Amino acid sequence: MSDLHLNFSALPHERPGDDDAREARHQVLATLLGAYADGELPPETVSQIDAHLLGCARCRREVELHSVMHTRLAREPGVSAPPALRERILQQVATSAALPVPVIAPVQPWWQSTAVRGGTVAIVVLAVLAVAISRRTPVAGSLATPVAASVVDAGAVPLLTHVLADYRRVTAGDLPGRARDLDAVRAAVPFPVQPLRTPAVRLLAAWSTDLQGEPAAVLAYRWQDRLVLQYLVAEPVFFRSPLIRGPVAAGSAVTAASGAQTMLAWAAEESGAILIGDAPAGALTALRVGDTGR
């Protein structure tokens, strides 16, 4: 694994009750957590580890430990070698090499550089401004926020029943796609695919699937310590049930719950969107409009 890339298809597939496969998979992933915390892994590997961390408290603690150590080491001042050691090294190189030995000037640690400190301050200021602006700006690509939500029985709407079943199937294993597959997903469905544009979420993966014999796009987000999926379907499929058609036509969103999962459905651009996750309906509504209460 010298290239820090992991072939997830070769890992044991986790199934309910299969503790041996789960532990074997955990051990392989644990070897990459240091590189993950340092930002050294390719995007597809990062996406899969992101998904693993949502359900693994042990690995989350390990990543936190790596992050703390990385931050602590970055704060340590640079330590210069003793002058006598430097002279001995130069003498050894001079006696063993035919080429002239250049004079090695002391190098200032990068984190003490004035230019780096100035650049870091500028980046922090820009980041703060960007967050402040994003909290004042409506989420791009979304329609007006509904003033009310109509609660329906998930089992009475076939579309929501299929979304719930697919969500549970997908979250029981690895995510099928990667974040960079978004262009391929857009080409596979006959309607626009626009991810949520709130800084509270991170797009992990995107793929296409089939619901009720109709194409659907699926976007997976990491939100805090949760995995949230967004399903997008064509308008005729979305409005097929009167339990959705009536409330949405009246300007309301639709919510449904089953077990630990809650769904929030609304009309998007030339499509219907269903957000589903292990979260209350109010939290999904706040996530949709980009207001997470922070």
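**Cysteines, burial and helices**

Guide: The closest cysteine sulfur to that of C56 belongs to C59 and lies 3.6 Å away, which is too far for a bond. This is a predicted model, in which local features need pLDDT of at least 70 and side-chain atom pairs count only at pLDDT 80 or more, while totals for chains, interfaces and linings use all residues. Residues are numbered from 1 along each chain as its sequence is written, and side-chain values use heavy atoms, with hydrogens and water left out.

Visitor: What makes C59 count as buried?

Guide: Buried means under 20% relative accessible area, exposed means over 50%, and partly exposed is in between, with a 1.4 Å probe and protein chains only. C59 has 1% relative accessibility, so the label buried applies; C56, with a relative accessible area of 10%, is buried as well. Buried residues make up 36% of the 294 residues in the protein.

Visitor: Why is H52 called buried?

Guide: The relative accessibility of H52 is 14%, and therefore H52 falls under the 20% limit. H52 lies in helix α3, residues 43–54, where a helix is a DSSP run of H or I with at least four residues, a strand is a run of E with at least two, and both are numbered from the N terminus. Leaving aside neighbours within four places in sequence, H52 is in contact (heavy atoms within 4.5 Å) with H26, L29 and C59.

Visitor: Why is Q212 called partly exposed?

Guide: Q212 has 27% relative accessibility, so this residue belongs in the class between 20% and 50%. Q212 is found in the loop between β2 (201–211) and β3 (214–223), and its phi is near 55°, a positive value in a residue other than glycine. E270, in the loop between β6 (261–268) and β7 (271–277), also has a positive phi of about 55° although it is not a glycine.

Visitor: How do you know that the span of helix α7 is close to the one expected?

Guide: The expected span is 1.5 Å times one less than the number of residues; helix α7 (residues 158–171) has 14 residues and reaches 20 Å from its first C-alpha to its last, close to the 20 Å expected. Its buried residues include L160, V163, L164 and Y167. An α-helix has 3.6 residues a turn, so residues three or four places apart point the same way.

Methods. A disulfide is a pair of cysteine sulfur atoms within 2.5 Å.
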